[in-house]
Amino acid sequence: MSGDVRVSTLVGQTLAKLGVGHVFGVVGSGNFDVTNTLVQEGVPYTAARHEGGAATMADAYGRMSGKVGVVTTHQGCGLTNAITGVGEAAKSRTPMIVLTADTQGAAVRSNFKIDQDGLARSVGAVAERIHSPESAVADTVRAYRTAVNERRTVVLSLPLDVQSASAPDNVGAAELQEPARLRPDPAMVKQLVQLIKKAERPVFVAGRGGRGARDAILELAEHAGALVATSAVANGLFNGAAFNLGISGGFSSPLTAELISRADLIVGWGCTLNMWTMRHGRLISPDANVVQVDVEDASLGANRKISLGILGDSALTADDVLSELISVQPVPEEKFRTEDNALAIKQASRWRDVETPDLSTTSSIDPRVLSRELDSILPAERIVSVDSGNFMGYPSQYLSVPDEFGFCFTQAFQAVGLGLYTAIGAAIAQPTRLPVLGAGDGGFLMGISELETAVRLRLLLVCIIYNDNAYGAEVHHFAEMDNSPDLGSVTFPETDIAAIARGFGAEGVTVRTLADLEPVRDWVADFQAGTQTRPLVIDAKIASDGGSWWLAEAFQGH
């Protein structure tokens, strides 16, 4: 390595060698060189319209691709613009690098100066920085190792004076050791086997930490006689498997909720069994044993009292438990896997198979009717992203996905407005699938600048906007308060989102009835023929649901 290489160039080269997958950002003077270096080294770059959009695109990309996404920002205000997306990624434990410039150490009166390290830590990210030209490679490798091995979002700050300096010769090479997988304590394995043997109605619930353990968990579930389900973020993991209940929690169908609540043993695989997944504990029978398997000790029992906590990789733990179970119980037991349950699950575990009244009017469509019909119209090979809001249960439960890489759920921070960003990052991560966004009018308009990004990239993206001219969650929540508040602060005049979408260069369709979906069928036909070139925005004027079924669950946690 010659001494005339700028530190910013060296950092970009190092990250490229380590294998980052894609860079998203808004380029300013502070991050211009490092971003260009990444591009020159072959790392694809997507220019966003706002740093907040770029951060969530990188987050979604990382979740759906299995590679490390990078968001690059200018110092100070560039980072603050990105911080909500950074917080979402950090709270979701997404391995991600936030590559941000920082002011010079001596620039104490710079308008750009903020406590970037403190800001990063305040939202749960890890603060790292390039300390000197001599340590530049080691600092970069440490940040990347932390992101990958500890599944953390890392904010890597590059002070302007350091990044413009020349790196000396022999600063070291970018070397990375593969992360070790954690094998469970054999004594803990034996305890779980005893709980499984004793149980008559076991249910396994896999979360984000179980996404790499599908086959191992399913094999154990079959031998143990257990039903299987997932948290929302792992939706699709057990698709096609026998006795799959779907999503556990606020999005559960009535049958799914009823069967989980009857369990006498619940095992969370990389799942913290939080208030969303367990409906504030109401899905857990008072007499049930509760077990958690996780690679982080702090997660065990974090949300509720548990009977047993096992520190270990989900796949390795499931393998070890199965081996031990077979040794003491060679023949699989039926237990909760009865023929009656199999038939019931087939008929009613999905919301689209549950009969509901049609709330449609002459000028608005029932969101359940809309979602059910779109599930039939849109190609099955899809990747669904969901914004936050009163509507969110409809795309989450009515739009089927092919597997766990077909559903992107950036909801750990519960921030409205991340949906479009999520859909773009997910689309780039899974380019062979049709990206589908479910969003409310409030969230979509909040982040609509990135619709230009989708058009510019010629992403064949379908945006379903559940438009009720309001922040619907607040409308239904506040309406129940005793003082009958004025809802003018959360309701708005009707907005023609389809027309706005056309202004950005997308296709725009207004839907009030099922008959209005014909242009959607035309768009899909062109998509399948390979002749479609523009995103589609469906401005669906939805009928009021009086507060969706999951909303009451959500607000109990506020």
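Reply: Start with the whole. Of the 558 residues of the protein, 59% count as buried. Keep in mind that this is a predicted model.

Me: What makes a residue count as buried here?

Reply: The cut-off is under 20% relative accessible area. Take Asp139: its relative accessibility is 3%, so Asp139 counts as buried.

Me: How many salt bridges does a search of the whole structure find?

Reply: The search finds 29. One of them joins Glu324 and Lys190, with the closest N and O atoms 3.3 Å apart. Glu324 belongs to helix α11 and Lys190 to helix α8, so this pair ties together parts that are 134 residues apart in sequence. Lys190 has a relative accessible area of 45%, so it counts as partly exposed.

Me: What makes Glu494 and Arg512 a salt bridge?

Reply: The limit is 4 Å. The closest N and O atoms of Glu494 and Arg512 are 2.7 Å apart, so the pair meets the limit. Glu494 is in the loop between α18 (472–479) and α19 (497–504). Arg512 is in the loop between β17 and α20 (518–529). The two residues are 18 apart. Arg512, at 26% relative accessibility, counts as partly exposed. Glu494 and Arg512 also join Asp539 and Lys541 in a network of salt bridges.

Me: What makes the protein as compact as a globular protein of that length?

Reply: First, the parts: there are 21 helices and 18 strands. The radius of gyration is 24 Å, and the globule rule gives 24 Å for 558 residues, so the protein is as compact as a globular protein of that length. Its C-alpha atoms fill a box of roughly 75 × 65 × 55 Å along the principal axes. Among contacts between residues at least 6 apart in sequence, 76% join residues at least 24 apart.

Me: Why are β9 and β12 said to stand at the edges?

Reply: Look at the strand order first. An open sheet of 6 strands runs β9-β8-β7-β10-β11-β12, with parallel pairing. β9 (244–247) and β12 (308–311) each have a single partner strand, so one side of each is left without a neighbour in the sheet. From one strand to the next, the twist averages 15 degrees.

Me: How do you know that β10 and β11 pair?

Reply: Pairing needs at least two bridges. Strands β10 (residues 265–269) and β11 (residues 289–294) are joined by 5, so they count as paired. Leu265 stands opposite Asn289 in β11. Helix α8 (residues 186–198) packs on this sheet, touching β7 (202–206), β10, β11 and β12. Helix α11 (residues 314–328) lies across β10, β11 and β12, at about 140 degrees to β10.

Me: Which residues of helix α9 are buried, and what do they pack against?

Reply: In α9 (residues 214–224), the buried residues include Ala216, Ile217, Leu218 and Leu220. The buried residues of α9 pack against α8, β7, β8 (227–230), β10 and α11. Just after α9, Gly225 has a positive phi of about 75 degrees.

Me: What makes β16 and β18 partners?

Reply: At least two bridges are required. Here 6 bridges join β16 (residues 462–467) to β18 (residues 536–541), so the pairing holds. In β18, Ala540 is the bridge partner of Tyr466. Helix α13 (residues 367–377) packs on the sheet, touching β13 (382–386), β16, β17 and β18. The direction of α13 makes about 170 degrees with that of β16.

Terms used. Residues numbered from 1 in each chain as written. Predicted model: local features only at pLDDT ≥ 70, side-chain atom pairs only at ≥ 80, totals over all residues. Heavy atoms only, no water. Helix = DSSP H or I, 4+ residues; strand = E, 2+ residues; numbered from the N terminus. Axes fitted to C-alpha atoms, helices over the stretch in contact; angles between N-to-C directions. Contact = heavy atoms within 4.5 Å. Buried < 20%, exposed > 50% of the residue type's maximum accessible area, 1.4 Å probe, protein only. Rg over C-alpha atoms; globule rule 2.2 N^0.38 Å. Salt bridge = Lys/Arg side-chain N within 4 Å of Asp/Glu carboxyl O.
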